[in-house]
Amino acid sequence: SIKSQLPPPLPDARGEFNPIDGVCVLHSEDHSLSLSLPDEMATLALGAALSQALASGLVIYLEGDLGSGKTTLVRGVLRGLGYAGNVKSPTFTLVELYAISRLNLHHFDFYRFSQPEEYLDAGLDEYFQIGAVCLVEWPDKAGEYLAPADLRVALSVEDQGRHADIVSHTDAGRACRSKLRNCLPGSTA
């Protein structure tokens, strides 16, 4: 399991470390959650925790610069659902489809789009109409054509780790964020 491979967390004065997965909860409100992820293993653990909060039909935007951990987070989600195969960014294929556990999961990457209309030209809007969980890297590249987000996960580089801001935009997103927060010890969703 991902959690069993994690080193013990170091104390951090900014928040309370989760001793299971190394994730430090910095701030939590009704619609948002701010986390410090000290290393790649913590990003994977966050993905695994997120996998337990997913529901069919969720659209989750993954935002952040190159190297901020978006694909690593997706790898953690897939591992949390029991997928043991190779997980790669769909930068060239645009979408990777996974039918695992209780969910159909679609992982999109729109980095290569130079115009939002490329999203329509590729016929990708159909994937958002079948009740699958859609994890979308570089959602801004599809512009107004993309289905709105239930949940946004903004990742950024912080020291040698990452920072994650998770914001819910719909009732389904709030339910997911609340379940995710409940997966972190010491939680008060």
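**Helix packing and nonpolar cores**

The axes of helix 1 (residues 40-51) and helix 2 (residues 70-80) come within 6 Å and cross at roughly 50 degrees. The model is predicted. The protein has 189 residues, and buried ones make up 48% of them.

**Helix 1 and helix 2**
- Helix 1 passes helix 2 in a right-handed crossing.
- On the helix 1 side, the residues that meet helix 2 are E40, T43, L44, L46, G47, A48, L50 and S51.
- Their counterparts in helix 2 are T72, L73, R75, G76, V77 and G80.

**Nonpolar cores**
- The largest nonpolar core holds 33 residues.
- Within this core, L35, L54 and L105 touch the most other members.
- Beyond its neighbours within four places in sequence, L105 is in contact with L54, V77, L78, L81, E96, L97, Y98, V133 and L135.
- Another core, of 16 residues, lies apart from the largest one; Y61, F110, F113 and A142 are among its members.

**Overall fold**
- Four helices and nine strands make up the secondary structure elements of the protein.
- Along the sequence, their pattern is β-β-β-α-β-α-β-β-α-β-β-β-α.
- Of the contacts between residues at least 6 apart in sequence, 59% join residues at least 24 apart.

**Surface**
- The accessible surface of the protein is about 8,900 Å².
- Carbon and sulfur atoms account for 50% of that surface.

Definitions and conventions
Residues numbered from 1 in each chain as written. Predicted model: local features only at pLDDT ≥ 70, side-chain atom pairs only at ≥ 80, totals over all residues. Heavy atoms only, no water. Core = buried A, V, L, I, M, F, W, Y, C linked by side-chain atoms within 4.5 Å. Buried < 20%, exposed > 50% of the residue type's maximum accessible area, 1.4 Å probe, protein only. Contact = heavy atoms within 4.5 Å. Helix = DSSP H or I, 4+ residues; strand = E, 2+ residues; numbered from the N terminus. Areas by Shrake-Rupley, 256 points an atom, 1.4 Å probe, with all protein chains shown as cover. Axes fitted to C-alpha atoms, helices over the stretch in contact; angles between N-to-C directions. Left-handed = near helix turned anticlockwise from the far one by under 90°.
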